[in-house]
Amino acid sequence: MRTLALACSGTLLLLACSDDGTSASEEGTTGDDEVGTSFSGTDTDTDAGTGEDSGSEDSGEGESGETDTGTGTTGGELGCEEPSSYDASGTQEWLDGSYVASVSIDDPNSCTRSYSLSTTSPLRDGVPDNPRQILEQDTGPRLRSGHDLFDALYALAMEEVGECSVSMITDYAFNFGGSVPCGADGCFETGRLWHYVWTRDTAYAMDLGLADLDPARARNSLDFKLSERRSGGDLQIVQDTGSGGSYPVSSDRVTWALGAGATLAALEDDARAAFEARAYEALRNTTQHDRGIVFDPEDGLYRGEQSFLDWREQSYPGWTAEDVVHIAQSKSLSTNLAHLAALELLAELAEARGETSVAEEAASWATALRSALQDRLWIDDLGQFSSHVTTGLDPAPTRRMDLLGSALAILLDVASDAQAQEILSGYPHYGPGAPVLWPQQQYTPIYHNRGEWPFVTAYWLRAAAHAGHDAVASKMIRALIRGAALNLSNMENFEAGSGAVWVDEGDTSGPVVNSQRQLWSVAAYVSMVHQVLFGLEPTGEGLRVEPFVPAQVRAEIFGQTNALVLNDYPLRGRRITVVLNLPDDAGSGALSVGERRVDGQVVDALIPDALLVDGARVEVDLAAGSAAATSLSERDASDYREVFGPRTPSISAVEAVDGKLRLSFDIAGESAADLSLRVYRDGELVAEGLAGDVGSWTDPDSAAAGEASPCYSVAASYASGNASQHASPACWWGSDLAHIQAFDATNFEAVGGSAVTNWGRFHYEGWGAAGDSLTLPSFTATQGGRHLFQVDYGNGAGSVDTGITCAVKRLRVERVSDDALVGEGVLVMPHLGSWDRWEDSNLVAVELEAGVEYRAVIDQDEDTINMSSFSHFEIYTGGLGGVDGAYNQVNIAELRVLAKP
């Protein structure tokens, strides 16, 4: 439980928040005063508040660190160019229904303007000040677009980059809430409410452009998330606290590679070489470790929770919320794409270092992963990638979508050109922007569910630019402008339908948590300007310039100017000016890119670094767009079935009837007339279009008396096409469970632990330290083929929603006659919240021969560790596995062998 201080109507409301974002309120007495900062000047204390990250990553209360200096751009005269012809009248306001955001400028002709931003929209928690004063700094970039409010919002983003730039960080779960240093050049904290450095937040923010603004701080922030083991060596990327005790339930730490790639491109010479060496070592070790722990060779995908969508009830079926071992067995689009990015960056770095074998292996794994993503997660009739596979006994991809994963699939060129157009045109939109998941879940608080998140909007915008999709790009540009303008800050999230920062509707009110100046949201606005409109991409060779300006945006937002000018864009210690010359006629689609020049010299899209001297002027001529305008899918939210999916159905029974298997369904209170049902057997679709009131279904291809052990799931759909989550899989294990052999702990030969009957089961308490083992000395397979091994375990080392002590062990199966190893795998046993609760582990598949005698051994090796083994967590004080030492212990009461040929 974490305490979150929020100012509310002049009083303070203390929200006791669990890591998954649920809360219970109580009164408090302390305020949270924001102190603005800039890109330059001496360090000043920032707001005292809480330090916590969004979703299930652990964080909490504490004073933030000191705000540091900004971008570190150097040299050259101050850039002071503006469009040669513009009329800014009417560009000082943004209208949104009954709300108005506006700006006034004290000194419009100054190189460094003073803006006063105001809004009539209600502000979340009553902050920031309204009006809000913004002062441009001569040490950072400045925009002159001929649109006063747009320029002011860019200046706001620059100011909030400065506010997120600190020299110390805090979180209640680390160092007893005291300050934690983050490098001589400081680091980026996560937001007004979150004062720590988190792996995925930092990585996405650096990739969205913050690395360009302050490469040293970006490097420090990313380096803070690297750690050797407590015993030394094996530098890896840290997975932050999370569901069920973190890694390997959550495995998206590899998002780090996205930020590292951008940071390497922004660093200079010796700094780049030093960070490149660290990045190479960490990526090599991390990808090797993940290959052994979370990679599934059966289908070529990596297991683990969705990246960013890490509050379980928001994006997974409710039956996984308290039993997250299913999430540990799930396979998600976004996390697999992060693994792909890590492998490809590793291959690139290894090639540059002459490590040919490492480069070839990483490239080979990346190529295979690309194919696996297409084979396993592309749903052809939807024209979309599935967001995830739910669990081990149901390998069917869900008919549900994830905006971040969809965007990354396009940006990483996993999607073909045709698929990219399908994804962008077909992903459903409603409200001002785009919802981060589809469809929405009923009776679920607003956060990820029904959420619009600016950083994901920015990735969707980048994907649209990458694929040349002007309709999505235009809508996302407007969404980013609107969100910052109405709230005088770059907010963490919005309710997707209204774009509001708070919707009061009882139990589902939200967004449950919402921070100002959220780091990746600030980066989102920067990305829109730098990476999309100006098309700036630093590379090791120079600067790629590929502007993408939708014709609609040119006509409706920048219709009164002849150019867009970015002064003092920082590029590896230099400052350059970039000018986009706009055509009078916008045309259709997106503006076409014509001649590029550097100080008058015609250049290609990739401008060599040698030409980009301090003070260089890059000029790009844009012409009217000639491509046909694209379109996107808009849903009518007045019918809830157009926006929500059905509630999750369940299978109430699998029975043998007349030699066949019959499934009985429960449709969770939905109207049967509204539904159609799909049935999956072992991941294959075996029936569809079943009426919602069918009640039961008999599998015509089943044989109750055979050796097969089929597992079924069911999903419901509305006529809109919106699908439910999948039901918890229900399996047929033979008459009288004949296909299951169960061996309780009295059958084990134990090394370590104490034999006890605590918590209602016989087991070995305190078991699982280095050198401990449990051995089932003998069992005989009753049939041949694939078998699934599973243990009944207890892990009370932490709560279900946080921590770092998910138990990880190795299971080996040996043939008794010759001691040959016939199969092995990793047992994952997440937190259960208390020691008196017993649940099933994940599944380990091994091929066995009928009538052959085997033994099973459970122990620990160098790879079967959790995050508590890393020195990063030596100051962790939020639970076990921190200051008191690494912890990987677990109680195991039973081993089961499930015949599933």
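Modeller: A disulfide is called here when a pair of cysteine sulfur atoms lies within 2.5 Å, and a disulfide is a covalent bond between the sulfur atoms of two cysteines. The structure is a predicted model, in which local features need pLDDT of at least 70 and side-chain atom pairs count only at pLDDT 80 or more, while totals for chains, interfaces and linings use all residues. Residues are numbered from 1 along each chain as its sequence is written, and side-chain values use heavy atoms, with hydrogens and water left out.

Colleague: How many disulfides does the structure hold, and what is the pairing of the bonded cysteines in sequence order?

Modeller: There are three disulfides, and when the bonded cysteines of the chain are numbered in sequence order the pairing reads 1-2, 3-4, 5-6. Cysteine 711 and cysteine 731 form one of them, with their sulfur atoms 2.0 Å apart. Helices (H or I, at least four residues) and strands (E, at least two) are DSSP runs numbered from the N terminus, and because cysteine 711 lies in strand S47 (residues 711-717) and cysteine 731 in strand S48, this pair ties together parts that are 20 residues apart in sequence. With 105° about the S-S bond, the link of cysteine 711 and cysteine 731 is right-handed.

Colleague: How many salt bridges does the structure hold?

Modeller: A salt bridge needs a side-chain nitrogen of Lys or Arg within 4 Å of a carboxyl oxygen of Asp or Glu, and the structure holds 62 of them. One of them joins the side chains of aspartate 290 and arginine 253 at 2.8 Å, N to O. That pair links distant parts of the chain, with aspartate 290 in helix H5 (residues 269-293) and arginine 253 in the loop between strand S18 (236-237) and helix H4 (256-266), 37 residues apart. Both aspartate 290 and arginine 253 are buried.

Colleague: How many residues of helix H3 are buried?

Modeller: Helix H3 (residues 215-223) is mostly covered, with seven of its nine residues buried, including Arg217, Asn220 and Leu222. The buried residues of H3 pack against several elements, among them helix H2 (199-213), H4 and H5.

Colleague: Where is histidine 739, and with which residue does its side chain make a polar contact?

Modeller: Histidine 739 sits in the loop between strand S48 (730-731) and strand S49 (740-744). A polar contact is a pair of N or O atoms within 3.5 Å; within protein, one must be able to donate a hydrogen and the other to accept it, and residues adjacent in sequence count only if both atoms are side-chain atoms. The side chain of histidine 739 makes such a contact with the side chain of serine 709, at 2.7 Å, and histidine 739 is buried, with a relative accessible area of 8%.

Notes:
Buried means under 20% relative accessible area, exposed over 50%, partly exposed in between (1.4 Å probe, protein chains only). Contact means heavy atoms within 4.5 Å.
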